[in-house]
Amino acid sequence: MAKAPAKPKTTPMMEQYAEVKRGLPCGTLLLFRLGDFYEMFNEDAREGARVLGITLTQRQGTPMAGIPYHAAESYIGKALAAGRKVAICDQVETPRPGKLVKRSLTRIITPGTAIESSQVEADVNRFILALDRDKLGWHAAWMDLSTADFVVSSDHNLSGLLPILTAIQPSELIVPEHRLDEWKSMAEEDSPDIGDLLHLLQDRPATELPGFHFEPAEGARGVTEALKVLNLEGFGLDDAHPALGAAGALVHYVTENLCARPENLRRIREYSSDKSLLLDPATLRNLEIFNSASNTRDGSLAAAIDQTVTAAGARLLNHCLSSPPLDIGELRRRQACVGELIDCPGETRRLREHLQSVRDIPRILGRLQNRLRNPRELGGIRETLRRIPEIRTTLDNIAGSSIESVRTRVSDFPELRELLDRALRDELPAQLNDGGVIRQGYDGELDRLLSLTSDNKSWLAELERTEQERTGIKKLRVRFNNAFGYYIEVTKANLHLVPENYIRKQTTVNAERFYTEELKQKEKEIFHAEENAKAREMELFAGLVDAVLAEEARLRETASALAELDLFLGWAVLAREWNYCRPELHEGTGLEIREGRHPVVEQTIRRSPSGLAGSFAFVPNDTSLDAAGEQIMLITGPNMAGKSTYIRQVALITLLAQIGSWVPATECRIGLVDRIFSRVGASDELSRGNSTFMVEMNETANILNNATARSLIILDEIGRGTSTYDGLSIAWAVVENLHGSGGSGPRTLFATHYHELTQLDRYLERLRNYSVSVKEWNDEIVFVRQVIPGPADRSYGIQVARLAGLPLPVIDRAKEILEKLESDDTTPISAPAQTLPSPKHKPSVKKAKSDDNQLSLF
């Protein structure tokens, strides 16, 4: 009986690889350090080659794929973008000939735990979300490991969490085992909120952990240990908070991936939907808050109002839009800061110039604390500290008590600044191992070791010159490589001139390599000096890092103040350039806007490359609403007249006012709004099994079930996705429901083409009819885009169809049918008198004489 072929013997290095691989989560790519490369083997090599676009090779039947060590960050970024996890196994000791180098797992990088600058977008947070559900409700915790933002929240209803979860756009999800399948089953039972949640989490990498990681008691213990505190009372949290289970799972997951506890976590805060203006997923999408309809940032509200010059300032803007506070005192403080900066344009310009040199301190600190350290990080802190005295001096020149709240939080660091200036070279390498970090003159011992290295290399150059003269070999060279160290190289044509004290070291194709006892001794001196110099420089660098981290708390507070200053400066520039006004916020239920404008459309018109800026200007409009007075504006008018733009602009102005910004209007008074709802646009969600009409009804149901007397609602064309009478009936009933039978209701703008609804003002006392004005001339219409009291007299649909380019025979036939439908004649509509020409054959048209004369001019 033939013996089975023996399995190839596994090398010690591959045994080392297999041991690390066995401990990794399924699907994780392992990058295994071999010299100057990270290698992948077996299935990882196949998958890595596909994802990263690198060459797949084989050695002794084992698939391999490798990336250069110095270029690893860019390849890791590609893997993260593809939703993959990447494990790093590094060499943790200096390689020695004939000995297996020690290696260990140093990091697992996932889409939600990446912190390297090349792996995260500077202007946006990268959150990882842990989510769970139990009998008490929904519990969430989210963290940006790069900035140490750590938040928990619980809500009995998912609708209370969806607005913030949609706004933060998590990069990765952590859930208990089997939860996703459970939620998918709930969505199939017609739960719109669950459907929105699954849509949000679609295509995002998700990891399931055993359920015990989500136990609140275990979570509270893990969080307190991570924050290095005895309890969480100092953060306003009880140890029994139900969301601490999710927070603990998050800490556990991050710790596993860092291969160490996260050292940059210092605080945790609670998000409460009761303390924020809520915008549900449909409203965030319909109002294009973070992304436009094309799913890009361009054309969104965030892009239109972003005048920040720092990464931290841009992230703070996104945070303000994600969770606008209902604290009227805080909103007034922000508005006042913007006003004081508007009054000082010179100081505003200088501050923005200084801030352009401020680096991303929160993320730099996060990397330093989590053992990712390179010299340029300290260089970024040094550059920022150099700007602080100028920033503080400029702030001193701005009159006003509000901006003082920012200035007092900007600390100066003269000792740390002097230390970094004295210790660091002007040009810093990307990696500490490259050397050249510490400035000459900072440390005498390092200078001595470097001088030894320099002197030894000068000795080598002198050796080459003297040996050339002594031997008469002009092409003699003293060289070095990592494998053989220093050697004397002589071409084969000159071997007869080699002196007796040369000892042969290696033979090559065209030359022989030798050494002498003197050269061998000098080699030892050089290696020893270089190793000592590198060790000393690393020791000094570690001391500088410790000095920076000793000021971590004050540096974070200063960075927070500078981000806020950047945000307020941007809003001041925006208000001055676009003539915004300071809104008056109050606790009432009124909403008054004089000459309001759409903040995005206005900019688009002026900056349009097609010449619109010279031909058109945005037409401002007034708005007056009150929950107990003029509660509902029913707006009629033709398509393209500007109804949708008008109702959106009211919602956006309200949102801007409630993040603390100034607004595009000449006057504005707004009673605080607790939620903004919108039902605008029409987009099929076929991938989710929903038609246009079903989406419309889901969003409308959400509004009717959750709106309060303090809410603001904008509705556009409710009921148009079904038959005319069905749609009209639904729209009618929706308006009645919003009005209600009490003394107040949610402030509502309702745009419609159902002119029958204008009759509602006869018995709904808080409803007012408005229309968008148009002018008619020679059976054509001119859009005035002015909202005026009273209903529109008709819809002008046929005139709009003509503007859209419908063929003239179609327009004429539509007029005949319309006249028939609007008359009392109940006889059937007759067939057209003449069959329309086929679109494939262009009809011949006899030109009038005047047409020939006009054409002859060209």
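1. Let's start with a term you'll meet throughout: helices (H or I, at least four residues) and strands (E, at least two) are DSSP runs, numbered from the N terminus. L808, for instance, sits in helix α27, which covers residues 808-822. For the whole protein, the tally is 28 helices and 27 strands.

2. Before going on, a word on where this comes from. The model is predicted, so local features need pLDDT of at least 70 and side-chain atom pairs count only at pLDDT 80 or more, while totals for chains, interfaces and linings use all residues. Residues are numbered from 1 along each chain as its sequence is written, and side-chain values use heavy atoms, with hydrogens and water left out.

3. Now the overall picture. The C-alpha trace spans about 125 × 75 × 70 Å along its principal axes. There are 858 residues, and 49% of them count as buried. Here buried means under 20% relative accessible area, exposed means over 50%, and partly exposed is in between (1.4 Å probe, protein chains only).

4. A contact means heavy atoms within 4.5 Å. Of the contacts with a separation of 6 or more, 69% are between residues 24 or more positions apart.

5. What about charge? The protein carries 104 positive and 121 negative side chains, and the centres of the two sets lie 6 Å apart. In this count Lys and Arg are positive and Asp and Glu negative, while His and the chain ends are not counted. Each charge is placed at NZ of Lys, CZ of Arg, CG of Asp or CD of Glu.

6. Have a look at S711, in the loop between α24 (692-706) and β24 (712-716). S711 is buried, at a relative accessible area of 0%. A polar atom of the S711 side chain lies 2.9 Å from the backbone nitrogen of T708. That is a polar contact: a pair of N or O atoms within 3.5 Å, where within protein one must be able to donate a hydrogen and the other to accept it, and residues adjacent in sequence count only if both atoms are side-chain atoms. Beyond its neighbours within four places in sequence, S711 is in contact with V673, D674, R675, F677, P746 and R747.

7. G745 is another loop residue, between α25 and β25 (747-751). With 3% relative accessibility, G745 counts as buried. Its contacts, leaving aside neighbours within four places in sequence, are A627, Q631, A709, L738 and R766. Compare that with A65: G745 and A65 are 680 residues apart in sequence, and their C-alpha atoms are 65 Å apart in space.

8. Two helix residues are worth a click as well. R352, in helix α13 (residues 345-355), is buried at 17% relative accessible area. R352 touches Q307, V309, L569, G570 and V573, not counting residues up to four places away; Q307 is 45 residues away in sequence and 10.0 Å away from C-alpha to C-alpha. N318, in helix α11 (residues 311-322), is also buried, with 11%. Leaving aside neighbours within four places in sequence, N318 is in contact with D123, V124, F290, R297 and A302.

9. Back to L808 for a moment. L808 is exposed, with a relative accessible area of 55%. L808 and S401 are 407 residues apart along the chain, and 66 Å separates their C-alpha atoms.

10. Which residues other than glycine have a positive phi? E595 has a phi near 55°, and E717 has one near 60°. E595 is in strand β19 (residues 590-596) and is partly exposed, at 33%. E717 is in the loop between β24 and α25 (724-739) and is buried, at 7%.

11. Finally, how many disulfides are there? The count comes to 0, taking a disulfide as a pair of cysteine sulfur atoms within 2.5 Å. C26 is in no disulfide, and the nearest cysteine sulfur, that of C259, is 18 Å away. C26 is exposed, at 82% relative accessibility. C259 is in no disulfide either, with the nearest cysteine sulfur, that of C89, 9.7 Å away. C259 is partly exposed, at 34%.
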